[in-house]
Structure formats: structure tokens, C-alpha cells
Amino acid sequence: MAARRIVVKVGSSSLTTAGGGLDADRVDALVDALAKSVGDQGVTGTGAAPEKEIVLVSSGAIAAGLAPLGLERRPRDLARQQAAASVGQGLLVARYTASFARYGRRVGQVLLTTDDTSRRAHYRNARRTLDQLLSMGAVPVVNENDTVATDEIRFGDNDRLAALVAHLVRADLLVLLSDVDGLYDGDPSTPGTSRIAEVRGPADLEGISIGSAGKAGVGTGGMVTKVEAARIAAAAGIPVVLTSASQAADALRGRATGTFFHRTGRRSADRLLWLAHASTPRGALTLDDGAVRAVIEGTGSLLPAGIAAVEGEFSAGDPVELRDPAGRAVARGLVTYDAGEIPQLLGRSTRDLARDLGPGYEREVVHRDDLVVLRR
């Protein structure tokens with residue numbers, strides 16, 4: 001297939017040694033494949049964007065920081081993970097900068113958290129930055145902002161982030177690079193297993209045992225997170241190639257390699273994909289039966305009259321879970337009130353609230369544009 005804009009995700013195990021520290025030869029080999037796939041346009045100083053554009057989502061910051069800090073393995077506690085990320089991120093980007101410079105290309109570092117892409121203004125800024133870097137011929141190197149992330153630091157080793165970035169930049173293809181050359185119908189090291197060449201839908205994965213850990217021990221991902229990322233991207237209308245880092249050049253040239261995930265859906269509203277798959281709810285609103293039906297089947301916003309209970313500590317603009325009376329999550333949305341304001345609103349009409357509390361209260365609790373249905 002002809003893909004002009006491609007998001008490539010590479011994991012820690014493809015860039016570093018098992019004991020931590022960047023492997024310069026591995027980084028250079030990846031950059032060789034990426035730079036050569038783009039071609040000669042967009043070289044520094046020309047001001048022209050290349051015919052093919054690459055966005056690189058790269059893990060490896062924590063792993064790269066292990067050896068310099070004298071850590072023998074990836075730490076389990078958050079504080080030391082963040083310290084390792086702080087040291088390693090600089091080393092990682094410096095290595096990419098030097099390696100891409102061999103081809104006359106600049107790189108731009110883009111660090112994201114889920115807040116940067118679930119909040120409307122932050123989302124627009126992230127998209128503009130990535131689009132501008134690409135238009136100027138630079139290679140965006142995207143990673144999670146591990147030095148400040150909390151839940152995000154365990155976000156799936158950047159696999160899910162790559163799927164969401166692919167949607168953010170309207171990519172034509174997502175390439176997930178692993179230490180295995182595709183998805184197998186069992187443990188690849190077991191005789192008799194075979195590689196799955198194509199996945200056309202969920203039915204093709206039924207009965208498949210998918211491993212959950214990488215080989216090198218320096219990342220947090222594995223085949224489970226890669227398959228989940230492929231499902232997210234395919235459902236959003238983006239085909240996916242899952243293959244090994246050593247076969248990156250073939251994947252970027254459109255040659256048959258690894259496992260190809262066909263599109264299973266159409267592109268959805270951008271931020272709603274992030275809201276569904278990347279946000280962490282800060283609280284929950286329990287709805288009555290009528291409000292549940294309106295949220296699931298209707299096109300309107302969530303009004304105070306349909307809310308029966310509230311829990312959690314959150315601020316206006318935070319993601320919250322919307323639950324049915326049995327406590328099951330049916331939707332997720334960005335709330336327009338602080339948690340402390342909502343108890344006085346429960347079950348009341350916006351007209352009554354405007355009369356008693358002022359015109360500023362004549363508004364929805366979750367606007368329809370900021371709401372995504374999780375189950376029907």
C-alpha cells in the first residue's frame with residue numbers, strides 16, 4: 001500500500017542492552033531504515049517537506065537511564081523510574097539527533113501525557129506542533145513525559161500512545177516494531193507455531209494465546225499491548241504492520257512482512273479516541289435510567305437532572321466515568337463542573353438552577369462533544 005505519513009513505534013528492547021544503556025548500533029540501524037525510506041527531500045536547509053513523512057514514537061528513556069545511574073534493572077518504584085527517565089530521555093534524544101544528522105535531518109522532541117490530548121486546547125496544540133515539525137521536514141520523536149507521569153508511566157510501553165498519535169496526525173499507516181517478527185498463534189519459540197500474516201478482524205484472533213512480556217526485560221510492554229494498539233488503530237481506520245525492528249525497512253517500503261492488521265472501522269472524532277483509550281477518570285457520576293438511555297442512544301448532552309450521585313475529587317475539564325444505576329461504566333466524558341459543585345445540582349433542571357443560582361448554572365454537566373460511549 002502507498003502510505004505517505006507513517007507513525008513508527010519502537011520499544012526499549014530494540015534500542016538498548018538488557019542491562020540498560022543505549023545500543024548505538026541498534027539506534028543507527030533504525031535511523032538508517034527510517035531516513036532511507038523518506039528519501040532525499042526535506043534535507044536541512046531546503047525548507048521542503050519530504051514526500052514520505054515519519055513520526056517516531058520511541059520508548060527507551062527509562063532503560064537508557066539505568067546504567068548511568070548505576071541501576072542493574074528497571075526499578076519498580078515510581079520515583080526511581082522518573083529519575084531514570086529524566087537522565088535517559090536526554091541521552092535518547094541526543095542519540096537520535098546525532099544519528100539523523102548523518103542524513104542531514106533534524107529531530108524534534110515531543111513529550112506527551114494523556115492530559116495533553118484529552119483536553120481540547122492541549123490537543124490542538126499537540127497536533128499543531130507535530131504538523132509543523134513535519135511540514136518543515138523534521139522528524140518528531142514522541143515519548144510519554146515519564147518524568148512527571150503517574151498512571152501514564154505504565155501506559156503500555158508506548159504502544160497505545162503510538163496508535164493514538166497515528167490518529168492525531170492522520171497517519172496512513174502505523175508500524176509497530178518489536179523483538180519478534182510478527183504475531184504468532186502461540187509461543188514463537190515453540191515448534192509448530194506459525195506467524196499470522198493478516199488480521200482482518202477480531203475473529204482472526206480468537207483462540208490465539210498472546211504473550212504479555214518482552215524478552216529483554218527493560219520495557220513494560222509485550223505482544224498484548226501491541227495487539228491492543230493495533231486494534232485501536234485499525235478501528236480508527238489506520239492499517240497496522242507489526243514486525244521486528246530488523247525488518248523496519250521492508251515495512252516502510254510496503255513489502256510483505258510481519259503481521260498486517262486491516263482497517264476495521266472509520267476515523268472517529270479525534271479527541272474521543274483519546275478520551276476512550278487514554279484518559280484516566282478522576283471521578284464518577286451515577287446516572288438514572290433515563291439519563292443512561294439518553295447518553296447511549298441519544299445525541300444530547302448530560303444534564304444535572306439525570307445525575308443521581310457523584311464521587312471522586314475532580315475539577316472542571318477532568319475526565320469522569322458515567323455509570324448506570326448498577327455501577328457499570330457506560331460512557332466517559334469531560335465534566336464542566338468541579339466535584340464540590342455537583343451535589344447541589346443533582347436531579348435538578350437547568351432552568352431551576354439558573355433561577356436559584358444564576359445563569360452560569362444553566363449548562364450541561366458533560367457536553368455531547370466531550371462524551372464517548374463505552375458500552376451499549
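Predicted model: local features only at pLDDT ≥ 70, side-chain atom pairs only at ≥ 80, totals over all residues.

Student: Okay, where does Gln 89 sit?

Tutor: Gln 89 lies in helix H3, which covers residues 78-101.

Student: And is Gln 89 buried or exposed?

Tutor: Gln 89 is buried, because its relative accessibility is 9% and the cut-off for buried is under 20%.

Student: Which residues does Gln 89 touch?

Tutor: Leaving aside residues up to four places away in sequence, Gln 89 touches Ala 61, Gln 109, Leu 111 and Asn 143.

Student: What polar contacts does its side chain make with Gln 109 and Asn 143?

Tutor: The side chains of Gln 89 and Gln 109 are joined by a polar contact of 3.0 Å. With the side chain of Asn 143, the polar contact is 2.9 Å.

Student: Nice. Switching to the sheet: what is the strand order?

Tutor: The order is S10-S9-S11-S12-S13, in an open sheet of five strands with mixed pairing. Strands S10 (307-312) and S13 (366-373) are at the edges: each has a single partner strand, so one side of each has no neighbour in the sheet. On average, neighbouring strands are turned by 30° against each other, direction ignored.

Student: How do S9 and S10 run, and how many bridges join them?

Tutor: They run antiparallel, and five bridges join S10 to S9, residues 283-287. Leu 285 is opposite Val 310 in S10.

Student: Which strands does helix H10 touch?

Tutor: Helix H10 (residues 289-297) packs on the sheet and touches S9, S11, S12 and S13. The direction of H10 makes about 80° with that of S13.

Definitions and conventions. Residues numbered from 1 in each chain as written. Heavy atoms only, no water. Helix = DSSP H or I, 4+ residues; strand = E, 2+ residues; numbered from the N terminus. Buried < 20%, exposed > 50% of the residue type's maximum accessible area, 1.4 Å probe, protein only. Polar contact = N/O pair within 3.5 Å; in protein donor to acceptor, adjacent residues only side chain to side chain. Contact = heavy atoms within 4.5 Å. Pairing = 2+ DSSP bridges. Axes fitted to C-alpha atoms, helices over the stretch in contact; angles between N-to-C directions.
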